[in-house]
Amino acid sequence: MASKRVRFTFEGERVGQPLIYRLGHEFALVTNIRMADVEAGFGWVVLEVEGEADEIERGIAWMEAQGVRVDPVGGDVVEG
(Lines give C-alpha, C1' and ligand atoms only; values in the text may rest on other atoms or scores of the structure.)
Protein backbone atom coordinates (compact mmCIF):
# COMPACT_ATOMS: atom_id res chain seq x y z
CA MET A 1 0.00 0.00 0.00
CA ALA A 2 1.29 3.47 -0.93
CA SER A 3 0.47 6.90 0.46
CA LYS A 4 0.61 10.35 -1.12
CA ARG A 5 -0.31 13.75 0.28
CA VAL A 6 -1.74 16.30 -2.16
CA ARG A 7 -3.61 19.59 -2.16
CA PHE A 8 -6.71 19.84 -4.34
CA THR A 9 -8.05 23.28 -5.24
CA PHE A 10 -11.66 23.47 -6.42
CA GLU A 11 -13.35 26.39 -8.15
CA GLY A 12 -16.88 27.15 -9.29
CA GLU A 13 -19.37 24.30 -9.42
CA ARG A 14 -16.68 21.71 -8.61
CA VAL A 15 -16.82 22.82 -4.95
CA GLY A 16 -20.26 21.22 -4.51
CA GLN A 17 -19.52 17.99 -6.39
CA PRO A 18 -18.64 14.78 -4.50
CA LEU A 19 -15.27 14.40 -6.25
CA ILE A 20 -13.31 13.20 -3.20
CA TYR A 21 -15.95 10.56 -2.51
CA ARG A 22 -15.81 9.42 -6.15
CA LEU A 23 -11.99 9.37 -6.05
CA GLY A 24 -12.06 6.94 -3.13
CA HIS A 25 -14.91 4.84 -4.49
CA GLU A 26 -13.87 4.53 -8.14
CA PHE A 27 -10.16 3.95 -7.53
CA ALA A 28 -10.39 1.91 -4.29
CA LEU A 29 -8.46 4.55 -2.34
CA VAL A 30 -8.62 5.65 1.28
CA THR A 31 -8.91 9.43 1.50
CA ASN A 32 -8.03 11.22 4.74
CA ILE A 33 -8.64 14.96 4.84
CA ARG A 34 -5.90 16.73 6.82
CA MET A 35 -6.92 20.39 6.30
CA ALA A 36 -9.61 22.13 4.31
CA ASP A 37 -11.14 25.53 3.64
CA VAL A 38 -14.31 25.58 1.58
CA GLU A 39 -16.50 28.54 0.67
CA ALA A 40 -19.12 29.15 -1.99
CA GLY A 41 -17.33 28.94 -5.34
CA PHE A 42 -13.84 28.14 -4.02
CA GLY A 43 -12.18 25.61 -1.78
CA TRP A 44 -9.05 23.61 -1.11
CA VAL A 45 -8.26 20.45 0.76
CA VAL A 46 -5.02 18.76 1.84
CA LEU A 47 -5.67 15.08 1.45
CA GLU A 48 -3.67 11.96 2.23
CA VAL A 49 -4.49 9.29 -0.33
CA GLU A 50 -3.68 5.63 0.38
CA GLY A 51 -3.93 2.60 -1.87
CA GLU A 52 -2.14 0.91 -4.73
CA ALA A 53 0.47 3.28 -6.21
CA ASP A 54 -0.84 2.99 -9.77
CA GLU A 55 -4.42 3.64 -8.61
CA ILE A 56 -3.29 6.74 -6.73
CA GLU A 57 -1.70 8.10 -9.90
CA ARG A 58 -4.77 7.20 -11.99
CA GLY A 59 -7.03 8.85 -9.41
CA ILE A 60 -4.97 12.04 -9.32
CA ALA A 61 -4.97 12.20 -13.13
CA TRP A 62 -8.76 11.75 -13.04
CA MET A 63 -9.10 14.66 -10.57
CA GLU A 64 -7.05 16.87 -12.87
CA ALA A 65 -9.29 15.85 -15.79
CA GLN A 66 -12.26 17.03 -13.69
CA GLY A 67 -10.72 20.52 -13.57
CA VAL A 68 -9.26 20.26 -10.07
CA ARG A 69 -5.82 21.79 -9.51
CA VAL A 70 -3.50 19.25 -7.89
CA ASP A 71 -0.33 20.27 -6.03
CA PRO A 72 2.08 18.00 -4.14
CA VAL A 73 2.50 18.45 -0.40
CA GLY A 74 5.76 17.79 1.40
CA GLY A 75 5.46 17.52 5.20
CA ASP A 76 3.32 20.41 6.42
CA VAL A 77 4.32 22.75 3.58
CA VAL A 78 2.28 22.95 0.40
CA GLU A 79 4.40 23.06 -2.75
CA GLY A 80 3.17 24.81 -5.89
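Which residues does Glu55 touch, not counting residues up to four places away in sequence? Glu55 touches Phe27 and Leu29 under that condition, where contact means heavy atoms within 4.5 Å. The structure is a predicted model, in which local features need pLDDT of at least 70 and side-chain atom pairs count only at pLDDT 80 or more, while totals for chains, interfaces and linings use all residues. Residues are numbered from 1 along each chain as its sequence is written, and side-chain values use heavy atoms, with hydrogens and water left out.

Glu55 is placed in helix H2, which covers residues 53-65. Helices (H or I, at least four residues) and strands (E, at least two) are DSSP runs, numbered from the N terminus. With a relative accessible area of 18%, Glu55 is buried; this term denotes under 20% relative accessible area, exposed denotes over 50%, and partly exposed lies in between (1.4 Å probe, protein chains only). The side chains of Glu55 and Arg58 are joined by a polar contact of 2.6 Å. A polar contact is a pair of N or O atoms within 3.5 Å; within protein, one must be able to donate a hydrogen and the other to accept it, and residues adjacent in sequence count only if both atoms are side-chain atoms.

The arrangement of the helices was examined next. Two packed helices are described by the angle between their axes and the distance between the axes. The axes of H1 (residues 19-27) and H2 come within 10 Å and cross at roughly 145 degrees. Axes are lines fitted to C-alpha atoms, for helices over the stretch in contact, and angles run from 0 to 180 degrees between N-to-C directions. The crossing of H1 and H2 is right-handed; a crossing is left-handed if the near helix is turned anticlockwise from the far one by less than a right angle, and right-handed if clockwise. On the H1 side, the contact is made by Leu19, Arg22, Leu23, Glu26 and Phe27, and on the H2 side by Glu55, Arg58, Gly59, Ile60, Trp62 and Met63. By class, this contact of H1 with H2 comprises six nonpolar, one polar and four charged residues. Ala, Val, Leu, Ile, Met, Phe, Trp, Tyr, Cys and Pro count as nonpolar, Asp, Glu, Lys and Arg as charged, and the others, Gly among them, as polar.

Two residues of this contact illustrate its surroundings. Met63, in helix H2, is buried, with a relative accessible area of 0%. Leaving out residues up to four places away in sequence, Met63 touches Phe8, Phe10, Leu19, Leu23, Val68 and Val70. Met63 and Ile20 are 43 residues apart in sequence, and their C-alpha atoms are 8.6 Å apart in space. Arg22, in helix H1, is partly exposed at a relative accessible area of 33%. Apart from neighbours within four places in sequence, Arg22 is in contact with Phe27 and Trp62.

In the loop between H1 and E2 lies Ala28. Most residues other than glycine have a negative phi, and most peptide bonds are trans. Phi of Ala28, however, is positive, near 55 degrees. Ala28 counts as exposed, at 66% relative accessibility.

The strands were then considered; two strands pair if DSSP finds at least two bridges between them. Strands E1 (residues 2-11) and E3 (residues 42-51) run antiparallel and are joined by 10 bridges, and Phe10 has Gly43 as its bridge partner in E3. E1 is also joined to E4 (residues 69-74) by four bridges, again antiparallel, with Arg69 in E4 as the bridge partner of Thr9. Strand E2 (residues 30-39) pairs with E3 in the antiparallel sense over nine bridges; the E3 bridge partner of Met35 is Val46. E2 and E3 form a hairpin with two residues between them, and Gly41 in the turn has a positive phi of about 85 degrees.

Within E1, Val6 is buried, with a relative accessible area of 1%. Its contacts, not counting residues up to four places away in sequence, are Val45, Val46, Leu47, Val49, Ile60, Val70, Asp71 and Val73. Glu48, in strand E3, is likewise buried, at a relative accessible area of 14%. The side chain of Glu48 makes a polar contact of 2.8 Å with the side chain of Ser3. Glu48 touches Ser3, Lys4, Arg5, Val30, Thr31, Asn32 and Arg34, residues up to four places away in sequence not being counted.
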